[in-house]
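Work through the exercises below with the model open. Try each task before you read its solution.

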Amino acid sequence: MIRRTVAAWDESARTRTAGVQWLVNRELIPEALGMLMVQELSGGTRLPAHSLPGAESVTFLLSGKGDWLTEGGGTWQLTPGEGVFNPPGTRRSFETEKDRNAVLLVVYGGTNDPRDALPHAVNGGGCGCRISRMADHGKHSPLGEAGGFIDMGVHWLATSQTVGTRSVVVATSTFTPGGSHQLHRHPNADEFFLVLQGGGQHLTKDGPVRLNPGDLAYIPAGEWHGFQTDPGVTTRTVYGYLGAGSLAQAGYELLEEET
């Protein structure tokens, strides 16, 4: 497990400069199955239209507001918790609300390095699709069938079933007081887990690791991990898999309790 803290969460740093913070890339973690960055944009900033021929991505708005710019001059207004999935070759462009910074979490999968983005033509290729929330509940849901959690709810945002991803999954989870997810692992995919609100203990076989708002845990494929929210605290997160398009593709194995 690798722990990172998102710089944009530091509200005391009022004079910080907007920019990019790489959380996962192949220089930081050579064996990573995808890439992950946080980008803070100043109010009124527009990202130039660009595309990646060999990579798909999910852009998730962590804070602020803005418009995703579609082909033909249209816009999709995004608020925190909303985002866009882009298959390879589709148009990516975003403009923040005036006088208010926006913070984006961008998750990449596929063969292209996102730093090799190309300017996107005015027309052609599409502009991706908005991601919507699909609740995971009931015994026939993916996690319901897998088991191993208490007082945890999931909303799947970008998966192979919802929008046709191939190498990334993005979801949000809520742990109500007493909530936990026991030790488990995914043999075919890496996982990222970013605490948005609340806090608790990231569980490992070697003992717990503290996670506060703005802390991210990166878990390589096959590593045992879990989470326990603090007593009396509701914890909200955004998490996902790199190298798979669904929980089924990532694989899911619970650690058997010793008797």
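A pocket here is an open set of grid points with protein on both sides within 12 Å along at least five of seven lines. Keep in mind that this model is predicted.

**Exercise 1.** Find the volume of the second largest pocket and describe its lining.

Solution. 
- Start with the volume: about 260 Å³.
- Next, look near the centre. Of the 20 lining residues, the closest to the centre are Met 37, Gln 39, Leu 47, His 50 and Tyr 108.
- Now sort the lining by type. It divides into 13 nonpolar, five polar and two charged residues.
- Then list the elements that give two or more residues: strand 2 (20-24), strand 3 (35-41), strand 5 and strand 10.
- Strand 10 gives the largest share, three residues.

**Exercise 2.** Which residues touch the most other members of the largest nonpolar core?

Solution. 
- The core has 26 residues.
- Leu 36, Leu 105, Val 107, Val 170 and Phe 192 touch the most other members.
- Follow Phe 192. Leaving out residues up to four places away in sequence, its contacts include Leu 36, Leu 105, Val 107, Val 170 and Tyr 239.
- A second, separate core has 18 residues, among them Val 154, Phe 175, Ile 219 and Ala 250.

Methods: Residues numbered from 1 in each chain as written. Predicted model: local features only at pLDDT ≥ 70, side-chain atom pairs only at ≥ 80, totals over all residues. Heavy atoms only, no water. Core = buried A, V, L, I, M, F, W, Y, C linked by side-chain atoms within 4.5 Å. Buried < 20%, exposed > 50% of the residue type's maximum accessible area, 1.4 Å probe, protein only. Contact = heavy atoms within 4.5 Å. 1 Å grid on protein atoms, 1.4 Å probe; cavity = no way out; pocket = protein on both sides within 12 Å on 5 of 7 lines; lining within 4 Å. Points joined across faces, edges and corners; volume = space filled by probe spheres on them. Helix = DSSP H or I, 4+ residues; strand = E, 2+ residues; numbered from the N terminus. Nonpolar A, V, L, I, M, F, W, Y, C, P; charged D, E, K, R; others polar.
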